[in-house]
Amino acid sequence: IMPQQLAREDIAGVVILVVKDGKVLFVKGYGYSDVEKKAPVTADNTLFRPGSISKLFTRTAVMQLVEQGKLDLDRDVNDYLNFKIPATYPQPITLRNIMTHTAGFEETAEELFVANAQDLKPLGTYVKEHLPERVYPPGTTPAYSNYATTMAGYIVQRVSGQDFNDYIDEHILKPLSMAHSTFRQPLPPPLQPLMSKGYELASQPAKGFEFVEAFPAGSSSVSAMDMTRFMMAHLQDGQFDGAQILKPETARLMHARQFENLPGMNAMALGFYEETRNGHRIIGHGGDTQYFHSDLHLIPDEQVGFFISYNSAGKGEVSTREEVWFAFLDRYFPYQIPNGSAYANAAQDAQEV
């Protein structure tokens, strides 16, 4: 599939990893991290920008502080802020709302990205200047919010007493030995030579580094091998290779269903999306910058994790990520028809729909 995609979609490079039972089963780079220099994508020394998958790191940080008793998922977040969210509705916004994308903010794009490093503002300045309107009562309506996760990162910074980047370094990246990962912008000098170029199309010139102003929501840069460690920690109740970033009960809570529109539909966990395919419950998250496009999936009942990241937007004629992911599931986890007739309740099912 990958050689066909690179050629057909005009994509420069991709990285894919699969973890299984606490081990790296497969990890491989395809194509180029720099087309002009013909530098190949490598699993351990090429950094990709996974976009909103960064939110899983920020939400892991929130859960670390929850288990320490420093944060409460169901407390008014105004109690943790040095500015006030207006009381548009009787119900206050909580961290549980934020983690399930039900805070009820309208989405805003202004200064989500900025052109240059010197345009980046301190986290506190950004969240105070860009407070969105409240358009839904909290806990009622799924409405994706980059701002809400950015505010959660600001709460982590305030409650921990550490700069957000320092906190992520000390409490997640260093314990998991993720030496080729960072939220920092611009990149620390040792990591700059490892950064993949970003492309609209591989046949066009490379683009510049993208600066994410709402950085707790999307600024991370990671290698595929580093991402294996974060994924295996989440698959193994918060621990990997002797490092415990979450207590087992905290990790299980983070992965459990928290908000649902209907009981039979996929739900939101605390930061993870729930999806169901081929009879398996899957949790994960997607991520996009303008040039990088990524997906992370965990299959807890099989102890499998899958991550894919492209350094090019490509032509967009197909959903390249879904094409690979669905083919992977159909090959290795084909749907098993349950015992008895699959159609016994067809009329009732149709009526419910």
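View 1. Helix α9 (residues 320-332) lies across β1, β11, β12 (280-288), β13 (293-299) and β14, running at about 155° to β14. Contact here means heavy atoms within 4.5 Å, while axes are lines fitted to C-alpha atoms, for helices over the stretch in contact, and angles run from 0 to 180 degrees between N-to-C directions. Helices (H or I, at least four residues) and strands (E, at least two) are DSSP runs, numbered from the N terminus. The structure is a predicted model, in which local features need pLDDT of at least 70 and side-chain atom pairs count only at pLDDT 80 or more, whereas totals for chains, interfaces and linings use all residues. Residues are numbered from 1 along each chain as its sequence is written, and side-chain values use heavy atoms, with hydrogens and water left out.

**View 2. The order of strands in the seven-stranded sheet.** Read across, the open sheet has the order β3-β2-β1-β14-β13-β12-β11, with antiparallel pairing; two strands are said to pair if DSSP finds at least two bridges between them. At its edges stand β3 (39-40) and β11 (273-277), each of which pairs on one side only. Strands of a sheet pair through backbone hydrogen bonds, either parallel or antiparallel. Strand β1 (residues 13-20) is joined to strand β14 (residues 304-310) by seven antiparallel bridges, and V14 stands opposite Y310 of β14. Towards β2 (23-34), β1 pairs in the antiparallel sense over eight bridges, with G13 opposite G31. β2 is joined in turn to β3 by two antiparallel bridges, and there Y32 stands opposite P40. Between β11 and β12, which also run antiparallel, there are five bridges, and G284 in β12 is the bridge partner of Y273.

View 3. Most residues other than glycine have a negative phi, and most peptide bonds are trans. In the hairpin of β1 and β2, which has two residues between the strands, D21 takes a positive phi near 55°. This D21 is partly exposed, with a relative accessible area of 48%, where buried means under 20% relative accessible area, exposed over 50%, and partly exposed in between (1.4 Å probe, protein chains only). Q303, in the loop between β13 and β14, has a positive phi of about 55° although it is not a glycine, and Q303 is partly exposed with a relative accessible area of 22%. The hairpin of β2 and β3 has four residues between its strands, and K38 in that turn has a positive phi of about 55°. In the hairpin of β11 and β12, where two residues lie between the strands, N278 takes a positive phi near 55°.

View 4. β4 pairs with strand β8 (residues 221-223) over two antiparallel bridges, and V222 in β8 is the bridge partner of F48.

**View 5. A cis peptide bond.** The peptide bond from Q185 to P186 is cis, with omega near -10°. P186 is placed in the loop between β6 (181-182) and β7 (211-212).

**View 6. The buried side of helix α8.** Which residues of helix α8 (residues 248-255) are buried? They are T250, A251, M254 and H255. These residues cover an arc of only 130° around the axis, which puts them on the same side of α8; the arc is that of the directions from the helix axis to the C-beta atoms. Among the elements that cover the buried residues of α8 are α2 (54-67), α7 (224-235) and β12.

**View 7. The packing of α2 with α6.** Helix α6 (residues 164-173) packs with α2 at an angle of about 80°, and their axes are 10 Å apart. The two helices, α2 and α6, are therefore roughly perpendicular to each other, given that angles under 35 degrees count as roughly parallel, over 145 as roughly antiparallel, 65 to 115 as roughly perpendicular and the rest as oblique. From α2, F57, T58, T60, A61, Q64 and L65 meet F164, Y167, I168, H171, I172 and L173 of α6. The residues of this contact of α2 with α6 divide into eight nonpolar, four polar and no charged, where Ala, Val, Leu, Ile, Met, Phe, Trp, Tyr, Cys and Pro count as nonpolar, Asp, Glu, Lys and Arg as charged, and the others, Gly among them, as polar.
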